[in-house]
Amino acid sequence: MSIRVFIADDHGVLRGGLRALLNNQPDMEVVGEAANGPDAEAGIRATEPDVALIDISMPDGGGLAAIAAVMRARPKTRILVLTVHDELGYVQAAADAGAAGYVVKKAVDTELLAAIRVVAEGRTFMDASLGLGLARRAMRPRATDAVSGRELTELTVREREVMGRVAEGYTNSQIAEELRVGIKSIETYRSRLMEKLGLTSRADLVRLALECGVLAPGKPAP
């Protein structure tokens, strides 16, 4: 019996390549596609796949919200994250949302195919490039203790909006388009919030966003 796979990614060319790759496997079949979170949830409800490939950075709420929604609507579907993001903060967030595996897009085709087969069997899969020990710890869902957001009190509303979208993996141009402001303004907001929070990298921002609940399973960016 073939593994029924659903692909959720906002890049049509990538979806086409994945569709061709998977449909060429004797034990896999692509049963649906979507370019954003809400369409992914609806499509997975309709097609009931065994495995869903979901990108973290998608329009209309992002992939983390989509993963959480899919797990509520179709818990039997196994979620495999396929993304460009290799920070462990994203791995943790995906695990908390209910993902069973995590693969970065730079992985070779054979690794992706192996990941699909592994999660379809009910096991978990982690991209080897993330570091096995740390990745295993990240894939264990955390306790849902409340975390204080006092670190964010100095941010303006707009800075919080930008922070949430940066943490979700959006580029500056994508944030500018969604918030309907110039890219230069987004760069300024981003630089200012990083300075206020004493952060030096996006990985640090993702960690803080997770700790403070800005980046949370099932919660769209502000």
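Glu48 sits in the loop between H2 and S3. Helices and strands here are DSSP runs, numbered from the N terminus, with at least four residues (H or I) for a helix and at least two (E) for a strand. This is a predicted model, in which local features need pLDDT of at least 70 and side-chain atom pairs count only at pLDDT 80 or more, while totals for chains, interfaces and linings use all residues. Residues are numbered from 1 along each chain as its sequence is written, and side-chain values use heavy atoms, with hydrogens and water left out.

Glu48 has a positive phi of about 50 degrees, although it is not a glycine. Most residues other than glycine have a negative phi. Glu48 counts as partly exposed because its relative accessibility is 44%. The cut-offs are these: buried is under 20% relative accessible area, exposed is over 50%, and partly exposed is in between (1.4 Å probe, protein chains only). Arg180 lies in the loop between H8 and H9. At 79% relative accessibility, Arg180 counts as exposed.

Now the whole chain. The protein has 10 helices and 6 strands. Of its 222 residues, 50% count as buried. Contact means heavy atoms within 4.5 Å. Among contacts with a separation of 6 or more, 68% join residues 24 or more positions apart.

Next, the sheet. Its 6 strands form an open sheet in the order S2-S1-S3-S4-S5-S6, with parallel pairing. Two strands pair if DSSP finds at least two bridges between them. Strand S2 (28–34) and strand S6 (125–126) stand at the edges with a single partner strand each, so one side of each has no neighbour in the sheet.

Strand S3 (residues 51–54) runs parallel to strand S1 (residues 3–8), joined to it by 4 bridges. Val5 has Val51 as its bridge partner in S3, and Phe6 stands opposite Ala52. S3 also pairs with strand S4 (residues 78–83), again in the parallel sense and over 4 bridges. There, Leu53 stands opposite Leu80.

In a regular strand the side chains alternate between the two faces of the sheet. Which way do the residues of S3 point? Val51 and Leu53 point one way, Ala52 and Ile54 the other, and all are buried.

Helix H1 (residues 12–23) lies across S1, S2, S3 and S4, at about 160 degrees to S2. H3 packs on the sheet and touches S3 and S4, its direction making about 170 degrees with that of S4. Axes are lines fitted to C-alpha atoms, for helices over the stretch in contact, and angles run from 0 to 180 degrees between N-to-C directions.

The largest has 26 residues, and Phe6, Ile54, Ile67, Ile79, Val81 and Tyr102 have the most contacts inside it. At least two residues each come from S1, helix H2 (37–47), S3, helix H3 (62–73), S4, helix H4 (88–97) and strand S5 (101–104). H4 gives the most to this core, with 5 residues. Beyond its neighbours within four places in sequence, Ile79 is in contact with residues including Ala52, Ile54, Ile67, Val70 and Met71. Another core of 22 residues lies apart from this one, with Leu18, Leu80, Ala115 and Val118 among them.

Helix H8 (residues 172–179) and helix H9 (residues 183–197) pack at an angle of about 110 degrees, with their axes 9 Å apart. That makes H8 roughly perpendicular to H9; the term covers 65 to 115 degrees, with angles under 35 roughly parallel, over 145 roughly antiparallel and the rest oblique. Asn172, Ser173, Ile175, Ala176 and Leu179 of H8 meet Ile183, Ile186, Glu187 and Arg190 of H9. By class, this contact has 5 nonpolar, 2 polar and 2 charged residues. Here Ala, Val, Leu, Ile, Met, Phe, Trp, Tyr, Cys and Pro count as nonpolar, Asp, Glu, Lys and Arg as charged, and the others, Gly among them, as polar.

Glu159 is in helix H7 (residues 157–168). Is Glu159 buried or exposed? At 0% relative accessibility, Glu159 counts as buried. Setting aside neighbours within four places in sequence, Glu159 is in contact with Glu154, Tyr189, Arg192, Leu193 and Lys196.

How values were computed. A nonpolar core is a set of buried Ala, Val, Leu, Ile, Met, Phe, Trp, Tyr and Cys residues joined through side-chain atoms within 4.5 Å.
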